[in-house]
Amino acid sequence: MPDCAVNHIRDLVSLAIGHTSAQQALLVFDEQSPLAIQIAHAYTQALPDAVLINFDQVSPEEILEAIDRLSAGDLVILIQSTSFRLNQFRIRLELFNRKLKVIEHPHLSRIRPEEMSIYIDALAYDSDYYRTFGPALKEKIDACEKIEIFSDQNVLTYSSPFENAKLNIGDYSKMRNVGGQFPIGEVFSEPKEISRVNGKIALFAFGNTDFTVFFVEKPFSALIENGVLVDAPDAPSAFHAVLDEIRNDESKVWLRELGFGLNRAMNRKRRVSDISAYERMCGIHLSLGGKHSIYTKPGFPKSNRFHVDVFAAADRVDVDGMTVFQNNRYVI
């Protein structure tokens, strides 16, 4: 086990989560993938007093009993090669309802062997970086009237104010719940008037139908008209399959979330295959489909099913004419 993994997790647990030795820690893990084994071992080194439960060797009732013995403010770590199921028990939601802190690492089996070191690097917690650039970016998004994304000679223009941006930077001081899914590093929002998004954008990756990331060698362009993706003539067939699936269910392919990934361990070249981890990569991602669990709008029913992340080959991003992202880094 690399020392860096243990060090990253110690920082994550203490600096981001605020866990101390005065609180209990429960580690629930499986051994169904190499990365799950590595991450679980790193947590046992960083938290030697934690209670350990191998998910595959105990009954759901035993896990629930262990959770029942915890008190508000204690920590639960979930290390999952896929995603744990405990009958009708919605694990993270129930843990938060009990005022427990949560660190969740799901779908680790999607991470390929050659990507494991990148995932481990992505767990590093640079509090100064996240807590400086995250709030600064949020402040600009919350006050802006226009955002432009420049990519491969394309320009996508958001001629709209934005919703209150959300932070995923390991600072839970103003949040109801402490913790969530890791790796972290993201600021996201969406335009208040989605119909005022127009132009073209170059994409280099997208969420495939199996929830892994599909990368292309050459970015392809997507045409957006009035907030709807209407054409992607040079896209691969796998992308068109995603679009067809969305259209069959929702008629139109809406462009909703605009996400600013902050995690410098991942970028266009340093990749992981799990979509939920890679969306934190240092760069720009957007969502296709009418679903967004954070932002509700008239005309977008909660029954909408699709929220598919796509990744922009962004050369530059301007907020009200001021550049905030260029040369694969933030310049606020």
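What volume does the second largest pocket have? Here are some notes to read alongside the model.

1. **Ground rules.** This is a predicted model, in which local features need pLDDT of at least 70 and side-chain atom pairs count only at pLDDT 80 or more, while totals for chains, interfaces and linings use all residues. Residues are numbered from 1 along each chain as its sequence is written, and side-chain values use heavy atoms, leaving out hydrogens and water.

2. **The pocket.** The second largest pocket has a volume of about 170 Å³. A pocket here is an open set of points on a 1 Å grid over the protein atoms alone, where a 1.4 Å probe fits, with protein on both sides within 12 Å along at least five of seven lines; lining residues have an atom within 4 Å of a point. The volume is the space filled by probe spheres set on the points, which are joined across faces, edges and corners. Its lining includes His 19, Thr 20, Ser 21, Asp 49 and Val 51. By type, the lining residues are six nonpolar, five polar and one charged (Ala, Val, Leu, Ile, Met, Phe, Trp, Tyr, Cys and Pro count as nonpolar, Asp, Glu, Lys and Arg as charged, and the others, Gly among them, as polar).

3. **Cysteines.** The whole structure has zero disulfides, a disulfide being a pair of cysteine sulfur atoms within 2.5 Å. For Cys 4, the nearest cysteine sulfur belongs to Cys 282, 19 Å away. The sulfur of Cys 282 has its closest cysteine partner in Cys 144, at 19 Å, which is too far for a bond. Cys 4 is partly exposed at 30% relative accessibility, whereas Cys 282 is buried at 7% (buried means under 20% relative accessible area, exposed over 50%, partly exposed in between, with a 1.4 Å probe and protein chains only).

4. **Helix α3.** Which residues of α3 are buried? In this helix, residues 60-68, they are Ile 63, Ala 66 and Ile 67. Seen down the axis, they fall within an arc of 100 degrees, so they line one face of the helix; the arc is that of the directions from the helix axis to the C-beta atoms. They pack against β1 (25-29), β2 (51-54) and α4 (91-97). Helices (H or I, at least four residues) and strands (E, at least two) are DSSP runs, numbered from the N terminus. Contact means heavy atoms within 4.5 Å.

5. **Tyr 129.** This residue sits in helix α6 (residues 127-143) and is buried at 8% relative accessibility. Not counting residues up to four places away in sequence, Tyr 129 touches Gly 134, Leu 262, Arg 264, Cys 282 and Tyr 330. **Val 242.** Val 242 belongs to helix α7 (residues 237-250) and is buried, with 5% relative accessibility. Its contacts, leaving out residues up to four places away in sequence, are Phe 206, Gly 207, Asn 208, Thr 209 and Val 308.

6. **Backbone details.** A cis peptide bond, with omega about 5 degrees, joins Phe 182 and Pro 183; Pro 183 is in the loop between β8 (179-181) and β9 (186-189). His 107 is not a glycine, yet has a positive phi of about 60 degrees; this residue is partly exposed at 21% relative accessible area. Gln 153, also not a glycine, has a positive phi of about 65 degrees and is exposed at 85%.
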